[in-house]
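Let's take a look at this one together. Have the sequence and the 3D view open as you read.

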Amino acid sequence: MSNETMVEIKHLTKEFEEKKGGLFKKKRQKVYAVNDINLKIKKGEILGIIGESGCGKTTTARMVMRLLRESSGEIWFKGKELCRLNDRETKKIRKEMQIIFQDPYDTLNPGMRVLDILMEPLNAHLSHISFKEKVNMIKDMVEEIDLKPADQYIYRYPHQLSGGQRQRVAIARAIILKPAFVAADEPTSMLDVSVRAGILNLLLNLRKRMGLTMMFITHDLATASYMCDRIAVMYQGKIVEIGQTQKIIHNPTHPYTKALVSVVKDLNYFIENREKLIRDGEVDSSQQTSGCPFSMRCPHEHERCNHVQPVLTKLSGEHFVSCHLENKENFKRQEEEAVNAI
Ligand SMILES: Nc1ncnc2c1ncn2[C@@H]1O[C@H](COP(=O)(O)OP(=O)(O)OP(=O)(O)O)[C@@H](O)[C@H]1O
Ligand SMILES: [Mg+2]
């Protein structure tokens with residue numbers, strides 16, 4: 001992995017308007033699905049995005065892939081600011097950025113054979129290459145994703161493949177144009193446990209062989225720790241902790257990350273100590289607080305946490321956390337500033 005940055009996200013925010021209320025009196029309420037996030041993905045790196053349902057993982061990936069327009073912020077990829085590109089420039093960049101979704105059933109056209117599915121991106125972007133050459137490229141790709149011999153698979157329809165094989169075809173479609181960057185949005189969560197490891201290993205091998213850079217989305221810390229060089233932990237649209245995988249697993253600092261890690265490390269400990277780790281409660285992203293997004297469920301709640309938003313602060317090296325209780329220096333400084341301001 002190099003130190004070169006492949007993707008940089010600056011102050012990325014997405015608000016949705018939700019209609020609430022009765023039949024006649026509908027109120028519009030803003031929901032911050034992604035709320036002012038900053039991160040960098042290095043060339044050749046797999047960055048994990050983890051967090052519970054609704055925390056904004058998919059919304060982040062869809063904005064980076066230009067499938068969804070941001071409310072504000074910037075996305076830099078290979079020196080270009082993607083939010084400012086016109087449609088023609090965006091189409092060109094799409095060739096270099098691909099996404100793999102959770103459910104290959106949804107994304108593969110049931111009426112198309114594997115050959116046609118993989119032919120589509122080639123026809124869209126490589127019009128100068130002959131049909132025969134494209135078929136050869138497809139066969140090589142199909143063998144690359146371990147469906148061998150290719151001739152046995154390319155004439156099948158998606159329903160004639162197993163779930164794992166379908167996801168392999170979806171992966172082949174994403175990488176056939178040799179993109180520089182791939183986002184994988186929970187690529188194994190719909191699959192049987194028995195085939196998950198095969199798909200994860202395939203992605204790791206492809207990363208090695210093709211030098212792919214990846215954003216890997218999951219709600220499962222064990223999967224993230226297997227796959228990722230660094231992990232960003234999201235909670236209610238915010239990154240609450242980010243760092244190298246080993247740091248996150250062995251030295252989790254944010255109370256939410258601590259709860260996630262304890263579930264994976266020792267389920268019995270988590271069950272016995274549940275109240276000390278996380279307070280019960282449904283996440284409701286329409287309930288925005290002016291303080292820490294985790295304050296409603298944090299077991300160490302402090303008065304300041306309800307009113308002042310913590311910021312990501314460096315702990316060491318590449319390890320950052322956004323928590324008043326951990327950022328003691330920051331905490332002290334802000335308190336002094338508050339006193340001085342009076
Ligand atoms: N099109 C939309 N309109 C309104 N709200 C939306 C829309 N898409 C997402 N949201 C809201 O934005 C928030 C983040 O959603 P998102 O799908 O990014 O979460 P996620 O982390 O991917 O969750 P999951 O693990 O369930 O896939 C949620 O509160 C969701 O309800
Ligand atoms: Mg999602």
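## A surface spot to start with

Where is the place of Val264? You'll find Val264 in helix 10. Keep in mind that this is a predicted model.

Is Val264 buried, exposed or partly exposed? Val264 counts as partly exposed because its relative accessibility is 41%, and the partly exposed class runs between under 20% for buried and over 50% for exposed. Val264 also belongs to a nonpolar patch on the surface, along with Val263, Leu267 and Ile271. Together these residues have about 330 Å² of accessible area.

## A covered strand

Now over to strand 9, residues 230–235, where 6 of 6 residues are buried. Arg230, Ala232 and Met234 point one way, Ile231, Val233 and Tyr235 point the other way, and all are buried.

Strand 9 has neighbours to check out, too. Strand 3 (residues 46–50) runs parallel to strand 9, joined by 4 bridges, and Ile49 stands opposite Ala232. Strand 10 (residues 238–244) runs antiparallel to strand 9, with 6 bridges joining them; here Ala232 has Ile242 as its bridge partner. The hairpin of strands 9 and 10 has 2 residues between the strands, and Gln236 takes a positive phi near 45° there.

## Helix 4 and its packing

Last stop: helix 4 (residues 114–125). Its buried residues are Val114, Leu115, Ile117, Leu118, Met119, Pro121 and Leu122. They pack against helix 5 (131–144) and helix 6 (163–175).

Conventions:
Residues numbered from 1 in each chain as written. Chains lettered and ligands numbered in written order. Predicted model: local features only at pLDDT ≥ 70, side-chain atom pairs only at ≥ 80, totals over all residues. Heavy atoms only, no water. Buried < 20%, exposed > 50% of the residue type's maximum accessible area, 1.4 Å probe, protein only. Pairing = 2+ DSSP bridges. Contact = heavy atoms within 4.5 Å. Patch = residues over 30% accessible without salt bridge, like charges linked within 9 Å, V, L, I, M, F, W, Y side chains within 5 Å. Areas by Shrake-Rupley, 256 points an atom, 1.4 Å probe, with all protein chains shown as cover. Salt bridge = Lys/Arg side-chain N within 4 Å of Asp/Glu carboxyl O.
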